[in-house]
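We'll walk through it piece by piece.

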Amino acid sequence: MRSGSTTKSTVFGTVLLTAALALPSVEFAYADAVPERSIVSFKYLNYQDNQGLLSQSGSNTNGLNTTSGASSAVTPGTSGSTSSGSQDRIGVNAYSVMALVPVAGEWSVGTTYTSDSVSGASPTYHSSGLAKMTDLRRAIDVELTRYFSRGSVSVGTSYSKEIDYISRGFNIQGSMSTEDKNTTFTLGGSFNNDSINPVIQPSVDEKKQVASGLIGVTRVLTPQDIVQLNVSYSKGTGYYSDPYKLYDNRPRHRNSVTALARWNHHFDDNGTDGTVHLSYRYYSDSFGIRAHTLDAEYVQPLYKGWTVIPLLRLYAQNEADFYVSVGAAENADPTQPTPPPSDAVYYSEDQRLSGFGAVTLGVKVSKQINKDWLVDVKYEHYEQREQWSLSGDGDPGLTPFKARSIQVGVSRAF
Amino acid sequence: MKKYEMQKPLYVLLLMIMLALSGCAVGTAVQPWEKETLARPEMTFEGDKLDTAYTEHIYSSKEGASGGAGVGGGGCGCN
């Protein structure tokens, strides 16, 4: 599948090798053992989001007739109003296939293919000015890993294609443990080179290049506790604006720093045999966004191969420096978009750049059928509200945003 | 944009790393025969890769922040 593209991206990755070698790290740190068996996994995702109505913002505005994809129809998002006064926005059907194969006792090859079909209605400013859109994304990545007695080195390449967006990536990472294997250091880097050709503005022929580095430490604390700290830095240059938004002109540079701390603890003493995963992420970027993310999940093994995993995620961010809030006129009539201040160099009315908080509640259930087969199902409910912004700079003109997702997976070991 | 804005958190993070590194010498080392629990899949940080990929993809296309666990994988036009 897509062998032509893969070859192209592999060649491209090789060209970028020199640049990427100079960068720091990537990916998960505590994976330095050769997989014992081959694994093939399949997963299906169904996602649907919806957003509260401000009013009947009927016509689409300003000739922004459609977002990416072949759809030419221009309609307000009318698909399926729900009883709570919100409207369905974007729906996604995706499937992924992954294979991981150990080779010659010291190597492994992993590959993932994803097909991602998106359709629905997306706002062209704030929560309003809906434009119908469809899109199909296909992505493939390949990773080769060499294992040593106290570490591993991986190189990988990725290719992702939408009708208006192509991304090519290359990454390398290495990990090394101390002699007692209680401490593992990880170092990695990646480089992505993206091409952007918006369907509605063929004159826009843009690029975006992002280089990232990561440094990590994983430490065994007790026989029941392991912790990890990753710090990553990302430096991007190119086209960051959203061509499908009405007023959107963003800086051509975006640099970010991320710190991620994770802690896994196993309950041996109280007889539950459960494991808790806790993580905190701090994110800061040159757009002025600061974000905090707290994740907690609890893995509870039950009888006969059943496992249940409830999860909670809390997120909060402040607004970007150039975010333009809903104005008085738009607040009264959502069909009247708010122009940015006349002296603004950069501006955006993308609600993802506003101040808000979000909560996810979910549960995953899996069943190990026998030593070869594993099946799982996951349900998550997600909600975003401006009132939940920790920094108090939420935009009251935005309506709450909700989403739910369902995943169904099956995995076979050989 | 404003470079000085980036530096303060960067220093804090570097400090955190150094603290973590210095912590390596503290405490009793866990012995190989005590690592049966740590070898269980749910005690690793890898998790279900396809699940993680979907979840991170959704969050990065609906929120301002992204990344942290790794830097591999392809970009997309969804954010």
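How many residues does α2(B) have, and how far does α2(B) reach from its first C-alpha to its last? The helix has 14 residues and spans 20 Å, close to the 20 Å expected at 1.5 Å a residue. That expected span is 1.5 Å times one less than the number of residues in the helix. Helices (H or I, at least four residues) and strands (E, at least two) are DSSP runs, numbered from the N terminus.

Before going on, a word on the ground rules. This is a predicted model, where local features need pLDDT of at least 70, side-chain atom pairs count only at pLDDT 80 or more, and totals for chains, interfaces and linings use all residues. Residues are numbered from 1 along each chain as its sequence is written, while chains are lettered from A and ligands numbered from 1 in the order in which they are written.

Back to α2(B). B:Leu50, B:Ala53, B:Tyr54, B:Thr55, B:His57 and B:Ile58 are its buried residues. Here a residue is buried if 20 or more other C-beta atoms lie within 10 Å of its own, exposed if 12 or fewer, and partly exposed in between, with C-beta atoms placed from the backbone. And what do the buried residues of α2(B) pack against? They pack against β1, β2 and β18 (401-413) of chain A.

That brings us to the interface. The contact takes 45 residues from chain B and 83 residues from chain A; two residues are in contact if their C-beta atoms, placed from the backbone, lie within 7 Å. On the chain B side, the elements giving two or more residues are α1 (3-22) and α2 (49-62). The most come from α1(B), with nine residues. Sorted by class, the side of chain B that touches chain A has 23 nonpolar, 13 polar and nine charged residues. For that sorting, Ala, Val, Leu, Ile, Met, Phe, Trp, Tyr, Cys and Pro count as nonpolar, Asp, Glu, Lys and Arg as charged, and the others, Gly among them, as polar.

Now for chain A, which has two helices and 18 strands. Buried residues make up 46% of its 414 residues. Among its contacts with a separation of 6 or more, 66% are between residues 24 or more positions apart.

Start with β1 (residues 39-52) and β2 (residues 86-103) of chain A, which pair in the antiparallel sense over 13 bridges; strands pair if DSSP finds at least two bridges between them. A:Leu45 stands opposite A:Ala94 in β2(A). Next, β2(A) runs antiparallel to β3 (residues 107-125) of chain A, joined by 14 bridges, and A:Tyr95 stands opposite A:Ser115 in β3(A). These two form a hairpin with three residues between them, and A:Ala104 in the turn has a positive phi of about 55 degrees. Just for context, most residues other than glycine have a negative phi. A:His126 also has a positive phi, of about 45 degrees, and lies in the loop between β3 and β4 (128-148) of chain A. A:His126 is buried, with 27 other C-beta atoms within 10 Å.

Further along, eleven bridges join β11(A) to β12(A), again antiparallel. The loop between β11 (253-266) and β12 (275-285) of chain A holds A:Asp273, which is partly exposed, with 14 other C-beta atoms within 10 Å. β12(A) goes on to pair antiparallel with β13 (residues 290-301) of chain A over ten bridges. Their hairpin has four residues between the strands.

Which residues have the most contacts inside the largest nonpolar core? They are A:Val92, A:Ala291, A:Ala320 and B:Tyr54, in a core of 36 residues. Such a core is a set of buried Ala, Val, Leu, Ile, Met, Phe, Trp, Tyr and Cys residues joined through C-beta atoms within 7 Å. Beyond four places in sequence, A:Ala291 contacts residues including B:Gly64 and B:Ala65.

Finally, how far should you trust it? The mean pLDDT (the predictor's confidence in each residue, from 0 to 100) of chain A is 86. It stays under 50 over residues 1-30 of chain A, and is below 50 over residues 55-84 as well. Where pLDDT is low, the predicted coordinates should not be read in detail.
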